[in-house]
Amino acid sequence: LLVFGGGVLLSLVIGGLVASRVARGIAAPIAALGRAAQSLGRREPIAVPMTTIAEIQQVTDALTSAADERARSEHERDLLLTRAEEARSAAEAANRAKDEFLAMLGHELRNPLAAVSNAVALLDHAEVSPDAALRARRIITRQTAQLARLTDDLLDAGRVITGKIVLHREPVDVAEILRRVLGTLDLGRHHVVQDLASTWVDGDPTRIEQIVANLVGNALKYTREDGTITVRVAAAPGEAVLVVRDDGIGMAPELA
């Protein structure tokens with residue numbers, strides 16, 4: 001009886017130890033799985049347990065797969081958000097370029113229109129001479145061609161979107177363009193000093209004429225009637241120098 005009782009007691013002790021060890025082998029991986037599931041819910045890296053229990057290993061593999069799928073989805077989401085932001089920025093830039101381009105063309109249209117208006121007024125004058133009438137007609141012809149080109153730029157959707165214009169380059173004398181522009185503007189009572197040395201460049205005559213008309217037009221606009229405006233063209237090494245100087249009100253330094 002003693003031997004039998006001792007054997008039973010020993011068996012119970014050994015069984016309890018084995019059961020405790022097996023329980024710890026199951027509880028620890030399950031607790032680790034719980035922590036891994038919580039990390040997955042918080043979008044944090046997960047630490048999966050190492051186990052030889054097939055069922056727990058299946059759950060571990062499923063959690064690992066879910067974490068990888070979440071990482072891929074978040075990466076794709078970030079890519080889509082980046083592309084959407086880039087597309088929005090590009091659309092905003094294109095819209096700004098369009099607005100600036102249209103504003104520039106609208107401003108440029110005023111100069112040839114003013115020249116045509118002055119030439120028409122001269123032709124309507126009762127005592128206009130034949131030479132003056134011929135010059136007025138030439139001004140109208142030239143400025144009408146410029147208006148047609150500006151209108152083409154305005155209607156070209158591609159250039160409106162990109163904010164670019166096409167340059168038709170050819171050898172041009174900047175001094176001759178200045179003389180032509182000064183002949184189309186109403187100088188009023190301004191004292192205009194001209195120092196125009198023949199200076200040739202490879203450029204677009206229409207665009208150069210627009211630049212010159214803007215510079216001189218602004219000088220006329222913001223200089224008093226009896227003020228002085230100096231226009232000078234000279235050649236420099238590898239470039240042409242155009243200077244328009246006036247004694248008008250100028251502009252604030254922060255706008256220069």
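Modeller: A residue is buried when its relative accessible area is under 20%, exposed when that area is over 50%, and partly exposed in between, using a 1.4 Å probe and protein chains only. The structure is a predicted model, in which local features need pLDDT of at least 70 and side-chain atom pairs count only at pLDDT 80 or more, while totals for chains, interfaces and linings use all residues. Residues are numbered from 1 along each chain as its sequence is written, and side-chain values use heavy atoms, with hydrogens and water left out.

Biologist: Why is Thr 206 called buried?

Modeller: Thr 206 has a relative accessibility of 15%, and buried means under 20%, so Thr 206 counts as buried. Thr 206 belongs to helix H6. Leaving aside neighbours within four places in sequence, Thr 206 is in contact with Gln 146 and Arg 149, where contact means heavy atoms within 4.5 Å.

Biologist: Which residues of helix H5 are buried?

Modeller: In H5, residues 174-184, the buried residues are Val 174, Ala 175, Ile 177, Leu 178, Val 181, Leu 182 and Thr 184. An α-helix has 3.6 residues a turn, so residues three or four places apart point the same way.

Biologist: Why are H5 and H6 described as they are in their relative direction?

Modeller: Axes are lines fitted to C-alpha atoms, for helices over the stretch in contact, with angles from 0 to 180 degrees between N-to-C directions. The axes of H5 and H6 (residues 205-221) come within 10 Å and cross at roughly 55°. Angles under 35 degrees count as roughly parallel, over 145 as roughly antiparallel, 65 to 115 as roughly perpendicular and the rest as oblique. H5 and H6 are therefore oblique to each other. Their contact is formed by Ile 177, Leu 178, Arg 180, Val 181 and Leu 182 of H5, together with Pro 205, Ile 208, Glu 209, Val 212, Ala 213 and Val 216 of H6.

Biologist: How many residues of this contact are nonpolar, polar or charged?

Modeller: Nine are nonpolar, none polar and two charged. Ala, Val, Leu, Ile, Met, Phe, Trp, Tyr, Cys and Pro count as nonpolar, Asp, Glu, Lys and Arg as charged, and the others, Gly among them, as polar.

Biologist: Why is His 190 called buried, and where is His 190 found?

Modeller: The relative accessible area of His 190 is 10%, so His 190 is buried. His 190 is found in the loop between H5 and strand E2 (191-196). The side chain of His 190 reaches the backbone oxygen of Leu 187 at 2.9 Å. Beyond neighbours within four places in sequence, the contacts of His 190 include Leu 220, Thr 223 and Ile 229.

Biologist: What does Arg 245 touch?

Modeller: Arg 245, in strand E5 (residues 239-246), touches Thr 228, Ile 229 and Thr 230, not counting residues up to four places away in sequence. Arg 245 and Val 216 are 29 residues apart in sequence and 8.8 Å apart in space, C-alpha to C-alpha.

Conventions. Helix = DSSP H or I, 4+ residues; strand = E, 2+ residues; numbered from the N terminus. Polar contact = N/O pair within 3.5 Å; in protein donor to acceptor, adjacent residues only side chain to side chain.
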